[in-house]
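Dear colleague,

I am handing over the structure we spoke about, with the sequence and coordinates placed just below. After them you will find my notes on what came out of going through it.

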There are 2 protein chains.
Amino acid sequence: MIYVIGIGPGSKDMMTVEAIEAMKNSDVIVGYKTYINLVTEFIKDKEVVQNGMRQEIDRCKQAVEIAKQGKNVAVISSGDAGIYGMAGLILELTTQEEDIKVKVVPGVTASIGAAAILGAPIMHDFCHISLSDLLTPWEVIEKRLRLAAEADFVICLYNPRSKGRSEHLNKAFKIMSEFKDGKTPVGIVKDVGREKEEKFVCTFETMDFERVDMTTMVIIGNKSTFIHGDLMITPRGYNI
Amino acid sequence: MIYVIGIGPGSKDMMTVEAIEAMKNSDVIVGYKTYINLVTEFIKDKEVVQNGMRQEIDRCKQAVEIAKQGKNVAVISSGDAGIYGMAGLILELTTQEEDIKVKVVPGVTASIGAAAILGAPIMHDFCHISLSDLLTPWEVIEKRLRLAAEADFVICLYNPRSKGRSEHLNKAFKIMSEFKDGKTPVGIVKDVGREKEEKFVCTFETMDFERVDMTTMVIIGNKSTFIHGDLMITPRGYNI
């Protein structure tokens, strides 16, 4: 049995009951070391297989091998395992393994965690776009940014900026500026649910790209989104 | 204090630790009666204020009045309170109430719950579109459907079909068909996490609209999505 578990953005508070139970029911925990460190209290006495960034395929293959031995394995992802997480890889690797049962355990993804901290920015139609071009051609990302902005979606950017891709966020804003007004509210949350959590709100034209890194969620409002104090709110449309 | 709580799609499994704690810490629970019924085990001995559908504004105003009396109030939404839920209304109603503290408690939204049941359909960029035109002009919905399909997003449809709006889903598929191939996988989950939960996968051209109602989540794949058995998988792009 393989549980593919979304542990939420970081704190125990945002984990689901099932995520905690599934970790407790597992013999072996497999994950990226940063995420393993977030769940230590639930995995005492468990065998742990951890490795570094960009080793997702190895990690998932190891989990499948362990499951073949009849053990219960928990593969953990931050946020939700089905959103840019490990659920897809595990299912792709087990399509021919009929003896291995896989259960995806849902979690709170980063956009939802960040939205709760910012107020209510994703109350209306929204989309997720990852700015990482490691697995997706940059032209596809550009096209999605342009069309999402034209559609007036609230836009949540995952993997917005890393050392190796410091210009992606800047480029993304240039593309969206064709349709997103300079006064459009933007909400930024770093390290959602973790000790160093930090948030700030600004507008599309006053955005400071330097404050964004890989563990930051960037949420760009739609035409109705407004800022009140340090809150970012996208009305659903009620006439109050 | 007002907690605006997302209780997840329905089962206790998919509730977060914080959602359960916040209900326990509240004096009064306010919500739509169907959702109140899903959390009875956590709200024994609590005062409950429940009412029917489409009475969201009344419900939220009542919660604000109760909070003014110094009580802790939990306003509950299914899924996540910040996604087509009550978080926006409560924050809009309290912008002038500086004495009332509001905390949004995030939850697992229906698309994430449905995705875990279907396999891994939202592993890549996706969007949420509500087909309800009660609060949003239908032209805006049409525009978003067309642009989202052109952008090759995985598309999650909320409020896909009700008795009063039985043709919306059909119309939505017609609009998306300009860009979504007939063989595109579609996943449908009814009553996620509840007793009557039911799922099926089909393709864009074999979609049976009659099987969809208001408590159904419809997820339309992107160009890479595939069906394996009863699983729906959207690859992230790893070369395995």
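To begin with the relation between the two copies, chain A can be laid on chain B by a turn of 180° and a shift of 0.0 Å along the axis, with an RMSD of 0.0 Å. The two copies are therefore related as by a two-fold rotation axis. The same surface serves both of them, since 100% of the contact residues of chain A recur in chain B. Please keep in mind throughout that this is a predicted model.

Turning to the interface itself, 65 residues of chain A are in contact with 65 residues of chain B. Between them, chain A and chain B bury about 6,000 Å², and 66% of that area lies on carbon and sulfur atoms. Of the area that chain A buries against chain B, 13% is supplied by A:L135, A:R144 and A:Y238, which is more than any other three residues give.

As for the polar side of the interface, 32 residue pairs are in polar contact between chain A and chain B, counting those with both residues at pLDDT 80 or more, and the count of salt bridges between the two chains is 4. In one salt bridge, the side chain of A:R144 meets that of B:D152 at 3.7 Å, N to O, and A:R144 is also among the three residues named above for the area they supply. On the side of chain A that touches chain B, helix 4 (residues 87-93) of chain A gives the most, with 6 residues. By class, that side of chain A has 35 nonpolar, 18 polar and 12 charged residues.

The two chains also meet through their strands: strand 7 (residues 126-130) of chain A and strand 7 (residues 126-130) of chain B pair in the antiparallel sense over 3 bridges. Within this pairing, A:F126 has B:H128 as its bridge partner in strand 7 of chain B.

Within chain B, there is an open sheet of 3 strands with the order 6-13-12 and mixed pairing. Its edge strands, each pairing on one side only, are strand 6 (119-120) and strand 12 (226-228) of chain B. Strand 12 pairs with strand 13 (residues 231-233) of chain B in the antiparallel sense, over 3 bridges, and B:H228 stands opposite B:L231 in strand 13.

Finally, the count of salt bridges over all chains comes to 24. Inside chain A, the side chains of A:E41 and A:K12 meet in a salt bridge at 4.0 Å, N to O. This pair links distant parts of the chain, 29 residues apart, with A:E41 in the loop between helix 2 (33-36) and strand 3 (47-51) and A:K12 in the loop between strand 1 (2-6) and helix 1 (17-24) of chain A.

With best wishes

Note on methods
Residues are numbered from 1 along each chain as its sequence is written. Chains are lettered from A and ligands numbered from 1 in the order in which they are written. This is a predicted model: local features need pLDDT of at least 70, side-chain atom pairs count only at pLDDT 80 or more; totals for chains, interfaces and linings use all residues. Side-chain values use heavy atoms; hydrogens and water are left out. Two strands pair if DSSP finds at least two bridges between them. Helices (H or I, at least four residues) and strands (E, at least two) are DSSP runs, numbered from the N terminus. Contact means heavy atoms within 4.5 Å. Buried area is the accessible area (1.4 Å probe) that two parts lose on being put together, summed over both. A polar contact is a pair of N or O atoms within 3.5 Å; within protein, one must be able to donate a hydrogen and the other to accept it, and residues adjacent in sequence count only if both atoms are side-chain atoms. Ala, Val, Leu, Ile, Met, Phe, Trp, Tyr, Cys and Pro count as nonpolar, Asp, Glu, Lys and Arg as charged, and the others, Gly among them, as polar. Copies are superposed by least squares on the C-alpha atoms of residues with pLDDT of at least 70 in both.
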